[in-house]
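Trainee: I am new to this structure. Please take me through one part of it closely, then show me how other parts compare in kind.

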Amino acid sequence: MARKTEIPSSSYYGEPRKFDPTFRGPVHNRSCTDVLCCVAFVIVILGYIALGTVAWIHGDPRKVVYPTDSYGQFCGQKGTNNAKKAILFYFNILKCASPSVLINLQCPTTQLCVPKCPDRFATYSEMQYHHRSNKSYWEYYRQFCKPGFDNPNKAVSQVLRDEDCPSMIVPSRPFLQRCFPDFITRNGTLTVANRTAFKDVLGETRSVTELRDAANGITSLLDAKEVGMKIFEDYASSWYWILIGLLVAMVVSLIFILLLRFTAGFLLWFIIFAVIALVAYGIWHCYEEFVALKEKPSADVTISDIGFQTDFHVYLQLSQTWLVFMISLSVTEAVIILMLIFLRNRVRIAIALLKEGSKAIGYIMSTLFYPIVTFLLLAVSISYWAVTAVFLASSGDAIYKVMPSQPNCMYANLTCNPETFNKSNITKVCPGSQCMFAFYGGESPYHRYIFILQLCNLLVFLWLVNFTIALGQCTLAGAFASYYWALKKPADIPPCPLFSSFSRAIRYHTGSLAFGSLILAVVQLIRIVLEYLDHKLKGAQNTFARFLLCCLKCCFWCLERVIKFMNRNAYIMIAIYGKNFCTSAREAFFLLMRNVVRVAVLDKVTDFLLFLGKVLIAGSVGALAFLFFTHKIPVIQEEVPSLNYYWVPLLTVTLGSYLIAHGFFSVYAMCVDTLFLCFLLDLENNNGSAARPYHMSTSLRKILNKRNRKR
């Protein structure tokens, strides 16, 4: 007598959906869902466009791209006096603490735009001495002085007080459009123009290492630039072969998915029995070690007797350690075997659904290329967010502040006006002080709320990214649901199922997709804020605050995972029945809870198979690329390009192969999840009669002992 498979009880986890005799697949007669959220989404997008426009009007990306001198003028800006002066020069680079100060903030020394960096050691005193006999010394030195200054006979003390000219110049070269000392390491010694020491304006001997300390880390940046040039050369030499490797990964991924219908069962059962065999071998090995150590008197000491030891090899000399290992592995083995005995039917269902997913993709091949649409939409969202963020960050007018020559000046760091500064009282109270450019900003309401606008920019960006992903999930779910609910496959599959599903999602369910995406975006924004706070509190001494922050980060990480899982299944229900987001999420949740064991088994089986496939594809293509780029394939050895670092194209091919496999398998995972929910709905709503036939495949009906009756 055939064993009956139980139908999930409706007394808990909600009532099953009532049977609809007209239901034959995704509902086509739909109405718009979550209209208010759709309207809000459209308004936010219009507001986002307005925000980008306002940022574009007020912002100036040249403030980020080009360096700015002490007078707020761009170096290299066309139509100005600095048109031919594209490099920023620092009067006294020893006052600059690090490259981060040089590049992002303002170094407390006069900065001028110059056409080229100095190429020699010289001080203002030396220039004055040689100027008497040769005018060319001053002509060279004056290009690094303030514009309009032409008095080489001015006293050195007054020149340094007024910062008319730099006290000294050192051989430099441009990097990031700034003049940095030209450091060169010769025989392990750091030099600048073959010198390890130089004299400043006061005649004191200074070491080159002082320049290095002032520009801490610049040598590593220059080395990084050199490495970057070599990497660029490698890409230029091997891009053709990299594309071939990625194409191979694409073909292999496609073949792997199509072959899963034949290999899924073999792979899973092979791995399961291999794990059982490995654990059994582990138990036997632990038993052998336990018996061997049992005969040694010194091995009878217990773990508690020796306490905690940093050398873990000590524990392996105790018989009790191997006894604990043996018991643990025995329990693990028993759990695995018992799960196989009691869950074997559910594992078989999972394998059948995996095979069915491969078959569905075979009938709707266009779904494999939908990730390209998602990629393009994500690229647009990311580009718009990045451009808007740059324009917001560069909004504002030039702000000038008082930079005194004396440390006890009461006007230090106060804002000033460079046009009226020389007529003010500040120059009398603080002799030698200057009004120099500090940063870009302003006091208008727009400038005061730049940070809030950046947060809004980030929130809308996260919303758009999640909406794009949601649209892809709903589109794919609708296409695969059309396959499942086709009674005769492939004859009953509607034409262009992917395009029809995409049209339904955009036309009717934009509001529902936006609603689910907004919930996820808010949680992600909170997580980003928490990460920012955690970064700021790393050096804090308040242990309780750090502990609380860690707890919040953990909770919101879990919440994001749960919301992603629920949204995914809600979008599947939206694609099938066309209900609003909350209704679909509730029905999906109760449907999964009524089949929680099946959900757990299928989820783990699918995750494991897809992970195995990604690693297999990336590893095999990466191994092939390794053999090729290291001249290990004699047949095409002469075709291998000459490279500085063979790992550059190798890592690119391997990582690209993994991403390509992930793109293909994300479609496959969505297919399996959709078919699984359709399968559960099929079980609850149909009974195999002529009026209510099962839509599941023949293999699934055999596993469940179900059949469709003709009458």
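How much space lies in the largest cavity?

Mentor: Keep in mind that this is a predicted model. About 110 Å³ of space lies in the largest cavity. Its lining is made by 13 residues. Phe-89, Tyr-90, Ile-93, Met-168 and Val-170 are the closest to the centre. Three strands each supply at least two lining residues: E1 (87–90), E4 (168–169) and E6 (178–181). Now take the classes. Eleven of the lining residues are nonpolar and two are polar. In total, the structure holds three cavities of 30 Å³ or more.

Next, the open space. The largest pocket has a volume of about 1,900 Å³. Its lining counts 49 residues. Nearest the pocket centre lie Ile-469, Gln-473, Arg-568, His-662 and Ser-666. Helices H11 (370–393), H14 (450–484), H16 (510–536), H17 (543–577), H19 (596–629) and H20 (647–685) each give two or more residues to this lining. H20 gives the most, with 13 residues. By class, the pocket lining has 28 nonpolar, 13 polar and eight charged residues.

Now the aromatic rings. The count comes to 22 aromatic pairs. Take Trp-138 and Phe-149. Their ring centres are 6.0 Å apart, and their planes stand at 75 degrees. Planes over 60 degrees apart count as edge-to-face, so this pair is edge-to-face. Trp-138 sits in helix H5 (residues 136–141), while Phe-149 is in the loop between H5 and helix H6 (156–162). The two are eleven residues apart. Trp-138 is buried, at 3% relative accessible area. Phe-149 is buried too, at 12%.

A second pair is Phe-628 with Phe-629. Here the ring centres lie 5.0 Å apart and the planes meet at 75 degrees, so this pair is also edge-to-face. Phe-628 has a relative accessible area of 8% and is buried. Phe-629 counts as buried at 5%.

H18 covers residues 581–593, which is 13 residues. At 1.5 Å a residue, H18 should span 18 Å, and its end C-alpha atoms are 18 Å apart, so the two values agree. Asn-580 caps the N-terminal end of H18. A side-chain oxygen of Asn-580 lies 3.3 Å from the backbone nitrogen of Cys-582. The buried residues of H18 are Phe-581, Thr-583, Ser-584, Ala-585, Ala-588, Leu-591 and Leu-592.

Terms used. Residues numbered from 1 in each chain as written. Predicted model: local features only at pLDDT ≥ 70, side-chain atom pairs only at ≥ 80, totals over all residues. Heavy atoms only, no water. Helix = DSSP H or I, 4+ residues; strand = E, 2+ residues; numbered from the N terminus. Expected span 1.5 Å × (residues − 1). Buried < 20%, exposed > 50% of the residue type's maximum accessible area, 1.4 Å probe, protein only. Polar contact = N/O pair within 3.5 Å; in protein donor to acceptor, adjacent residues only side chain to side chain. 1 Å grid on protein atoms, 1.4 Å probe; cavity = no way out; pocket = protein on both sides within 12 Å on 5 of 7 lines; lining within 4 Å. Points joined across faces, edges and corners; volume = space filled by probe spheres on them. Nonpolar A, V, L, I, M, F, W, Y, C, P; charged D, E, K, R; others polar. Phe/Tyr/Trp six-rings, centres within 6.5 Å; stacked < 30°, edge-to-face > 60°.
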